[in-house]
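Here is the note you asked for on this model. Please keep the structure in view while you read the points in order.

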Amino acid sequence: MPHALFRGNQHQQVEKHTRKMQLERKMIGLPEEKKQTLRNTLEQEEISIQKETRKPITTSDFESLVVVGRGAFGEVRLVRRKNTDKSDPSSVQIFALKSMKKDMMVLKNQVGHVKAERDALAMADENNRWLTSLHYSFTDATHLYMVMEFMPGGDLMSLLMKEDTFPESITRFFMAEAAFAISSVHALGYIHRDIKPDNMLLDARGHLKLTDLGLCKKVGDVSPEDHPDIIIEMMRAQELSSNSEASDWNKTQTGSGGAVGMHRPHGDVMAMSIDEGTGTENAGTENTGTENPTIRPKMPTGKARREMAYSTVGTPDYIAPEVLAAQNGASGYSYTCAVDWWSLGVIMYECLVGYTPFYAEDPVTTCRKILRWRQCLEIPPEVKSQLSRECIDFLSCLLAGPENRVGSSTPSGEFTNGLKQIISHPWFKGFDWEGVNDTEGPLLPTGGREFPELLEYLK
């Protein structure tokens, strides 16, 4: 835990400095004597905070309200932290307490995954809008505990099961927020490696945050310039340098080179079935399986197909082909952050179509289809006819080979920032990237508007 403890102390120093600067700004114009009195008051409060943070956190500091989930290694409870400041009832906080059995984690070889998640979340800013916050982590003789931000809106998979499919506009909203979240992980120097609807949680206002970093892999140092907020600022500055119309920044985002048009040229070698034709003419690989890739499997209709797909335990549907190739021991196969953008493409397809693009009744067949994705990938004609050309093209930029996918490396070997490419794609022309979090999401969770009142009641 030393690293996490260091991060905690560092974070406390940042918070202390922030409080001091906020006070100084508020005191502008006050008499010096009044300023000194307020500074002394703040100093006393800081001493109290330091005393509180020195005390080890244990389960006795929390009051359990209800169990919200159970798994193979433990459970998640909605908890209320006991009030240590009787003079300020508003200081009471509600969290999700994730408890994991140590012996089960050791038995199932999950210790490394838990440490990876804890370390990755410890690296993230507590105010990160796109990752669920880790507030505390501690252990006792039998369990490891992680005190997390509570997300009352459930996960994206539950919303998909309820809605079956999303219209293009709602899919665009969730793809934009998911792109922010994935970019946040990459900026911390990690590949997430487990991007799927189950790991995308919704808050009371219908906005998305990414969770479950247990499979993440450290691949580099923290890169502040790749943080989504910095990317937006940089792209705005670049736009303003060539366009004096500041208010039109979100409306003028276009494809590569500033020209409105398709992101992927029609002659691109990575063009596939969802671009033109069936995609089997120039697949470049032989059909070694028994199934015919040109024949789409007959799928159930309506919500039955969603429930059937969801019932498959341990499904590999969202795994990128190069990850499967590496796992199978194929020579020369490795993977980069681009694998997360492939997974986002699978989720986008699922939002629009109602099931994943390589769905099969067993995981082995699904893996075969993913490895032969150029031959097996196809949008059902009845869905394709309802989608815009830009939407289909953007999907083809995600479900592409690693050398041409969003976030892939350039000919010089440098990796491009996937979020920059996504913001510039014509499908997002006119999308309010800067104000995406200012209003409610398009699908508000049940009881979302009542949640703030309920939260105060629970406190």
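**Notes on the sheet and on one threonine**

1. Five strands, in the order S1-S2-S3-S5-S4, form an open sheet with antiparallel pairing, where strands are DSSP runs (E, at least two residues) numbered from the N terminus and two strands pair if DSSP finds at least two bridges between them. The edge strands are S1 (62–70) and S4, each of which pairs on one side only.

2. This is a predicted model, in which local features need pLDDT of at least 70 and side-chain atom pairs count only at pLDDT 80 or more, while totals for chains, interfaces and linings use all residues. Residues are numbered from 1 along each chain as its sequence is written, and side-chain values use heavy atoms, with hydrogens and water left out.

3. Strand S4 (residues 134–139) pairs with strand S5 (residues 143–148) in the antiparallel sense over five bridges, and a hairpin of three residues joins S4 to S5. Within this pair, leucine 134 stands opposite methionine 148 in S5, and serine 137 stands opposite methionine 146 in S5.

4. Is threonine 211 buried or exposed? Threonine 211 counts as buried because its relative accessibility is 12% (buried means under 20% relative accessible area, exposed over 50%, partly exposed in between, with a 1.4 Å probe and protein chains only). Threonine 211 is found in the loop between strand S8 (208–210) and strand S9 (217–218). Leaving aside neighbours within four places in sequence, threonine 211 is in contact with Thr132, His192, Asn199 and Leu201, contact meaning heavy atoms within 4.5 Å.

Terms used:
Helix = DSSP H or I, 4+ residues; strand = E, 2+ residues; numbered from the N terminus.
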